[in-house]
Amino acid sequence: MKKHVVLLPGDGIGKEVINSAKDVLHAIAEEFNHEFSFETHEIGGAAIDQYGTPLPESTVEACGQADAVLLGAVGGPKWDNNPSHLRPERGLLGIRKALDLYANLRPIKGFKNLLHASPLKEEVVSGSDLLIVRELTGGLYFGTPSERRDNGQSVVDTLSYTRKEIERIVDKAFQAAQQRRGHLTSVDKANVLESSKLWREIVEEKKAQYPDVTVEHALVDSTAMKLITNPTQFDVIVTENMFGDILSDEASVLTGSLGMLPSASLREDGVGLYEPVHGSAPDIAGKGIANPVAMILSTALMLRYSFELEAEAKLIEDAVQSVLDSGFHTSDLQISNGRLVGTAEMTKHIVDYIKTQNASKC
Ligand code: NAD
Ligand code: IPM
Ligand code: MN
């Protein structure tokens, strides 16, 4: 299979973990006789420095023509005081919107051997396996903020959703639940927000189309609590953009580290952008210690969702599992008697597993 992948390293550890994705894809290409071609483009702070904008037109064009996009992370203190339109994060929001990537899938599964890496009790974390379906191109992130008023002391952000925007993400979540354990929790703030009331109505209407899925509505505040006190009650969670952003970082605690969570941002036709849930981690950038697992698992999601290469995706996931089972881990995972390694070595172990495991099948 021939596929063209655009790489957007971005900033901070994004630049480091994107190399891990590339190494893994080279190994997969070699083992399964695929041809992956790569093209690297700038986004975020790196693009601001080079082109004066967080999302150059050339980047949007290249992504539009690619079979899939892999993104590291954007942002960093260097650009924190820039005006809003010149912040790295604008580049990320811009590419999501430009490609209409409205469905952000964030799977969260505790690895067996890492249960003790979570600060939560093992018996709480054990068996947790959930998917957050986050709406990605609407809500507060895409409202038009007002100018500062009252001498700069007042400002308005708007949270708006159309029926169509809610329907398509809710459909996606119902379909995901059908492929999993058949339970959907729709998370909102319908006791306060009008947008949440419409969201709830639409979920209620839709459920007749998916009789094999059980549905529950939950408020976002108590859901935040239940996610870390009784996570096994969740299968698929569907929620609006900002709630999904916050809940997914919280849920990463189940896995032991934010450095473990991958994500897929999709639209209908299979084109997707794949990126870790974490950010550019300025506190550890440049040290070679970032956990590459979130990026590598995002690469597996790309193979599964955009290229329909299930065996290849599964091999990557097995490789991660096996390397973690052998005790190898980066410093973000609090493991007492494991084997502490950096980004490059962790990646190498994963790549080696892919090569030897596949060779042993021939
Ligand atoms: P962050 O996710 O970058 O880091 C939070 C904490 O988790 C840090 O202590 C960091 O060291 C650690 N961490 C994150 N990923 C890790 C990994 N792979 N390995 C080891 N440790 C890891 O969040 P933040 O510090 O709040 O934000 C930093 C910058 O990143 C900001 O500019 C923010 O806007 C940006 N950001 C970008 C994305 C993205 O590009 N998708 C996502 C989140 C935050
Ligand atoms: C994420 C990030 C982004 C978001 C930021 C960097 C704009 O936190 O991908 O989770 O809020 O969507
Ligand atoms: Mn986030």
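This is a predicted model: local features need pLDDT of at least 70, side-chain atom pairs count only at pLDDT 80 or more; totals for chains, interfaces and linings use all residues.
At what angle do H10 and helix H11 (residues 310-325) pack, and how far apart are their axes? The numbered points below take this up after a word on the model.

1. **H10 against H11.** The two helices pack at an angle of about 160°. Their axes are 7 Å apart. Angles over 145 degrees count as roughly antiparallel, so H10 is roughly antiparallel to H11. The crossing of H10 past H11 is left-handed. On the H10 side, the contact uses Val293, Ile296, Leu297, Thr299, Ala300, Leu303 and Arg304. H11 supplies Glu310, Glu312, Ala313, Ile316, Glu317 and Val320. By class, this contact of H10 with H11 has eight nonpolar, one polar and four charged residues.

2. **The sheet.** An open sheet holds 10 strands, with mixed pairing. Their order is E2-E1-E3-E10-E9-E4-E5-E8-E6-E7. Strand E2 (35-40) and strand E7 (214-219) are the edge strands, and each pairs on one side only. From one strand to the next, the twist averages 25°.

3. Strand E3 (residues 68-73) pairs with strand E10 (residues 272-276) in the parallel sense, over two bridges.

4. **H6 against H7.** Helix H6 (residues 163-179) and helix H7 (residues 194-206) pack at an angle of about 50°. Their axes are 10 Å apart. That angle makes H6 oblique to H7. H6 passes H7 in a right-handed crossing. From H6, the contact draws on Arg163, Ile166, Glu167, Val170, Asp171 and Phe174. From H7 come Leu198, Trp199, Ile202, Val203 and Lys206. The residues in this contact of H6 with H7 divide into seven nonpolar, no polar and four charged.

5. **H8 against H9.** Helix H8 (residues 220-229) and helix H9 (residues 241-251) have axes that come within 10 Å. These axes cross at roughly 15°. Angles under 35 degrees count as roughly parallel, so H8 is roughly parallel to H9. The crossing of H8 past H9 is right-handed. Val220, Thr223, Ala224, Leu227 and Ile228 in H8 meet Phe243, Leu247, Glu250 and Ala251 in H9. The contact of H8 with H9 divides into seven nonpolar residues, one polar and one charged.

6. **Ligand 1.** How many residues surround ligand 1? The shell has 22 residues. The closest are Gly75, Gly259, His278, Gly279 and Asn291. By class, the shell around ligand 1 has 10 nonpolar, eight polar and four charged residues.

7. **Ligand 2.** Which helix gives the most to the shell around ligand 2? Helix H4 (residues 88-98) does, with three residues. The surrounding residues of ligand 2 are Gly75, Glu89, Leu92, Leu93, Asp245, Val277 and Gly279. This shell around ligand 2 divides into three nonpolar, two polar and two charged residues. Gly75 and Gly279 deserve a look in both shells: they are among the closest to ligand 1, and they also surround ligand 2.

Terms used. Residues are numbered from 1 along each chain as its sequence is written. Chains are lettered from A and ligands numbered from 1 in the order in which they are written. Two strands pair if DSSP finds at least two bridges between them. Helices (H or I, at least four residues) and strands (E, at least two) are DSSP runs, numbered from the N terminus. Axes are lines fitted to C-alpha atoms, for helices over the stretch in contact, and angles run from 0 to 180 degrees between N-to-C directions. A residue is near a molecule or strand if its C-beta atom, placed from the backbone, lies within 6 Å of it. Ala, Val, Leu, Ile, Met, Phe, Trp, Tyr, Cys and Pro count as nonpolar, Asp, Glu, Lys and Arg as charged, and the others, Gly among them, as polar. Angles under 35 degrees count as roughly parallel, over 145 as roughly antiparallel, 65 to 115 as roughly perpendicular and the rest as oblique. A crossing is left-handed if the near helix is turned anticlockwise from the far one by less than a right angle, and right-handed if clockwise. Two residues are in contact if their C-beta atoms, placed from the backbone, lie within 7 Å.
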